[in-house]
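Keep the model open while you read.

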Amino acid sequence: MNLNKNYVKFFRQSSPYIHAHHGKTFVITLGGEALASPNLNNIINDIALLNSLGVRLVLVHGARPQIEERLRARGLESRFHNEIRITDRQCLECVMDAVGNLRARIESKLSLGLVNSPMHGASIRVISGNFVTAKPLGVIDGQNFLHAGAIRKIDKEAIQQQLDSGYIVLLSCLGHSPTGELFNMEVEEVATHTAIHLEAEKLLLYSRFEGVQDRQGQQISRLSPQEAEKLLKNLHGEDRRLLSSAITACHGGVERSQLISYQQDGSLLLELFTRDGSGTMVSRDRYEEIRAASIEDVGGILELIRPLEQKGILRRRSRKELEREIRLFRVISLDGMIIGCAAIHLFSGEKVAELACLVVHPDYREKNRGDLLLSAIEEQATQQGMDTLFVLTTQTSHWFLERGFSESTQKSLPKEKRSQYNEERQSRVLIKKL
C-alpha cells in the first residue's frame, strides 16, 4: 500500500513538469563514453519517454572512445593539440566508421518495440542529415588540424521542420562543407551551437559524474555562468569541455544547461520531473530567489503554512486574510514552488515592526534559508524606518534567541498589538534592535 501511495504522490508531483516540458525543445549531448555505458538502454528508454510526452528532442552524439578503438586497431596514434584531435585522412576514416556505426546503433535502439520492453507500443521517428555545415579549423599555433573543423552554420529551419513533424533529430560530431568535404568536430561544440540556434529551453549534457564538485568533493547543484567560469581552471578533459559547453550555451541565450551522469539510472528523468533535479545546473535565471509575494503565491503559502497551523504552531489564516495581506509577505521560490515565507507587519505611528509567519518547508531547511528570510525582513523593516523587530512564538524561541532576539513582555508591544494578544496561546515575546 505504501508503494502505491508513493507512486501516486510522485506522479502527481511530476505532473506540473510534464505540462511544462510539453512542446519544449531540449538538446541532449551523448558523448561516446555515454554510448559505451552499460546504462545506455535505460538512457534510450528515458529519451523515448520524453518523446512520447511531446518534448521536441535533438540528440547530438560523439564517438571519442570508439574512434580511439579504431585507431588502435589500425596501429595509428591519436594526436591532439589543445585537446583537439588532429584529423588526417586515415583518422577521418576511423571517425566516419565510428560515427556511422553509432548512428545506426542509436536508431535501432530507438526503434525497439518488443512486448514487455519499456518502449513497447512506441512509434518513434528518427532523422539525421546534413543539418550542420562545417569549416576547417585550419592552422592554429603553427599546427594544421587538417580535417578537424568548426561550426559554420546550423540549418535551424530544416531542424525545426523535422521537430514540428514529430521526429527526433539525430546529429553527430561530423559536419559537411559546401565543397563536399567532411570535418570532425567536438560533439560539445555541435550541441552548444544547435541549442543556441534553436533557442532551446535546455541543453542536457551526459557526464561521468553527477555534475560538478567543489574542492571538498561535494556536488554543486547550481551555478551561474560566472561562478562556473571560475571553476574551469581546475578542470581538464571531458569535465572542462562539458562545463564550457554549458557556460557558452547560457551566454548564447539558453536559459539552463544541465550536467547529469550517464552512470546514474534515471538521471534524465530525475532532472526533468523532480523539484531537486539531478547533477549540476548552469542557469542564467534565478532558479531560487527571495522576492516579494504576489497574489499568485497565495495557494503556495497556504499549502506551506497549513501543517503548522494544524499543530497550533501558527495561528490560522484564511485565504481571504492572506489575499489582503499578501503584499506584506516575502517568499522563497524554488523552480516555481514556494518553499519559504515570512511577513512583516507595520503599526501606524510606531517604529516597531512584527515578524510573522516565518516558515521554511521541512525538506528545504538546509542552506540557512530561514536566516535569509529573516535578513530580508530585517532589511525591509530598516528601509521602512523601523528600529525594532518583534516576534511572537510558542515553540521556536531558541531559534530567534540565537539570532539576536531577547526576551521581553507584552508591555513592549505596540498598543494595537497588545489589544490583539491571545492569552490562550501564551506566545513568548521576543524583540531585536535593528
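**A walk through the predicted model**

Phe 347 is buried, with a relative accessible area of 8%. This is a predicted model. Which residue does the ring of Phe 347 pair with? A search of the whole structure finds three aromatic pairs. In one of them, the ring centres of Phe 347 and Phe 390 lie 6.0 Å apart and the planes meet at 25°, so the pair is stacked. Phe 347 belongs to the loop between β21 and β22, while Phe 390 belongs to strand β23 (residues 388–393). The pair therefore ties together parts that are 43 residues apart in sequence. Phe 390 is buried too, at 1% relative accessibility.

The rings of Phe 400 and Phe 405 form another pair. Their centres are 5.3 Å apart and their planes stand at 80°, so this pair is edge-to-face. Phe 400 is buried, with a relative accessible area of 5%. Phe 405 is buried as well, at 4%. Ring pairs join Trp 399 to Phe 400 and Phe 405 in a cluster.

Now turn to the strands. An open sheet of seven strands runs in the order β19-β20-β21-β22-β23-β25-β24, and its pairing is mixed. Which strands stand at the edges? They are β19 (288–292) and β24 (406–408). Each has a single partner strand, so one side of each is left without a neighbour in the sheet. On average, neighbouring strands of this sheet are turned by 30° against each other, direction ignored.

Look next at the two strands on either side of the Phe 347 loop. Strand β21 (residues 337–346) pairs with strand β22 (residues 352–360) in the antiparallel sense, over six bridges. Ala 343 stands opposite Ala 356 in β22. Helix α11 (residues 298–310) lies across β20 (329–334), β21 and β22. Its direction is about 85° to β21.

Cysteines come next. How many disulfides does the structure hold? The number is zero. Cys 357 is buried, at 5% relative accessibility. Its sulfur is 4.2 Å from the closest cysteine sulfur, in Cys 341, and that is too far for a bond. A disulfide would need the two sulfur atoms within 2.5 Å. Cys 94 is also buried, at 1% relative accessibility. The closest cysteine sulfur to that of Cys 94 is in Cys 91, 6.2 Å away, again too far for a bond.

Arg 152 and Phe 347 are 195 residues apart in sequence and 64 Å apart in space, C-alpha to C-alpha. Arg 152 sits in strand β9. Is Arg 152 buried or exposed? Arg 152 is exposed, with a relative accessible area of 54%. Leaving out residues up to four places away in sequence, Arg 152 touches Thr 133, Ala 134, Lys 135 and Pro 178.

Helix α6 (residues 156–164) is the next stop. Its buried residues are Ala 158, Ile 159, Gln 160, Gln 162 and Leu 163. What do these buried residues pack against? The strands are β1 (25–30), β2 (56–61), β5 (126–127), β9 (149–154) and β10 (168–171), and the helix is α7 (187–198). Just after α6, Gly 166 takes a positive phi of about 90°. Elsewhere, Arg 125 lies over the face of Tyr 167, at 4.4 Å from the ring centre.

End with β1, one of the strands that α6 packs against. Six of the six residues of β1 are buried, so this strand is largely enclosed by the rest of the structure. Thr 25, Val 27 and Thr 29 point one way. Phe 26, Ile 28 and Leu 30 point the other way. Strands of a sheet pair through backbone hydrogen bonds, either parallel or antiparallel. Which sense does β1 use with β2? The two pair in the parallel sense, over six bridges. Thr 25 has Arg 56 as its bridge partner in β2. β1 also pairs with strand β13 (residues 202–207) in the parallel sense, over four bridges. There, the bridge partner of Ile 28 is Leu 204.

Terms used:
Residues numbered from 1 in each chain as written. Predicted model: local features only at pLDDT ≥ 70, side-chain atom pairs only at ≥ 80, totals over all residues. Heavy atoms only, no water. Pairing = 2+ DSSP bridges. Axes fitted to C-alpha atoms, helices over the stretch in contact; angles between N-to-C directions. Contact = heavy atoms within 4.5 Å. Phe/Tyr/Trp six-rings, centres within 6.5 Å; stacked < 30°, edge-to-face > 60°. Buried < 20%, exposed > 50% of the residue type's maximum accessible area, 1.4 Å probe, protein only. Lys NZ or Arg CZ within 6 Å of the ring centre and 35° of its normal.
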